[in-house]
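Subject: The model you asked about

Hello,

Here is the structure, ready for you to open alongside its sequence. My notes on what turned up follow below.

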Amino acid sequence: MCGRYYVDDDTAEEIEKVIRLVDAKVNGNLPVMEHIHKGDVRPSEIAPVLLKKENILTICNERWGFPGKVGKTLVINARSETVNEKPMFSDSVAHRRIAIPAAGFYEWNKDKKKYTFRRKDKNLLWMAGFYNRFGEEDRFVILTTGANASMEPVHDRMPLILEEDEIIPWIMEDGSCGKILKKAPCQLNRSTEYEQLSLF
């Protein structure tokens, strides 16, 4: 699963570069840029997402988590394997797909030890997700899939990570949705605070 992620200063700059490159490929216009949130992002907080509005790619700030059916529960993740079968998610994943930028994300193992996961080859990773309208605001959910070898020692689920050349198909092309939902994410760097402070 994914319960917290983060955006740092370098990542905010990378987001702006990628948004401009991606948008230029689609329509040649500069996207509408909102203020990019920096720091840790927790469920119920507002964060930047890349989405399609009136057939134009843009970045907007949305709140993380769909309101749950019971009490004050919050739905923050959806399983990529079954998302099309769930009434709460199926219309959104069919028509309102997004990419969520992050420097990395956190996960805790069964002993409550915290790990940080980042891409090995880039400063920025993009998580697949979707959004819907609730009241006066848009809210989003992050898609998860089965853990790969870099994630398995910590957790059995991980975010569905998009490559840069999958961002446009995922958001803009309905026919690419099914294939991307079944993809295996790239291998990630895994670290803990202890490892980061180690002299060896």
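Let me start with V83, which touches A78, F89, S90, V93, F130, L143 and L181, leaving aside residues up to four places away in sequence. A contact here means heavy atoms within 4.5 Å.

Before going further, please keep in mind that this is a predicted model: local features need pLDDT of at least 70, side-chain atom pairs count only at pLDDT 80 or more, and totals for chains, interfaces and linings use all residues. Residues are numbered from 1 along each chain as its sequence is written, and side-chain values use heavy atoms, with hydrogens and water left out.

How confident is the predictor? The mean pLDDT of the protein chain is 86, and 87% of its residues reach 70 or more; pLDDT is the predictor's confidence in each residue, from 0 to 100. Over residues 196-200 it stays under 50, and for that stretch the model has two contacts beyond four places in sequence.

**The cores**

V83 is also one of the residues with the most contacts inside the largest nonpolar core, along with W126, F130, L143 and W170; this core has 29 residues. A nonpolar core is a set of buried Ala, Val, Leu, Ile, Met, Phe, Trp, Tyr and Cys residues joined through side-chain atoms within 4.5 Å. Buried means under 20% relative accessible area, exposed over 50%, and partly exposed in between (1.4 Å probe, protein chains only). At least two core residues come from each of α1 (9-26), β4 (56-64), β11 (125-134), β12 (137-146), α3 (164-172) and α4 (177-181). The largest share, four residues, is supplied by α3. There is a second, separate core of 27 residues, which includes C2, A47, I100 and Y115.

**The sheet**

Helices (H or I, at least four residues) and strands (E, at least two) are DSSP runs, numbered from the N terminus, and two strands pair if DSSP finds at least two bridges between them. Five strands make an open sheet in the order β2-β1-β9-β10-β15, with antiparallel pairing. β2 (39-41) and β15 stand at the edges with a single partner strand each, so one side of each has no neighbour in the sheet.

Going along the sheet, β1 (residues 4-7) is joined to β2 by three bridges, and V7 stands opposite G39 in β2. Four bridges pair β9 (residues 104-108) with β10 (residues 114-119), where Y115 is the bridge partner of E107. These two strands form a hairpin with five residues between them, and K112 in the turn has a positive phi of about 65°. Another four bridges join β10 to β15 (residues 188-191), with F117 opposite R190.

A further hairpin links β3 and β4, with two residues between the strands, and E54 there takes a positive phi near 55°. β3 (residues 46-53) and β4 run antiparallel over eight bridges, and K53 has I56 as its bridge partner in β4.

**Cysteines and a loop**

How many disulfides are there? The count comes to zero, taking a disulfide as a pair of cysteine sulfur atoms within 2.5 Å. C177 counts as buried at 8% relative accessibility, and C186 is buried too, at 16%.

S176 lies in the loop between α3 and α4 and is buried, with a relative accessible area of 19%. Its C-alpha atom is separated by 8.8 Å from that of E166, ten residues apart along the chain.

Best wishes
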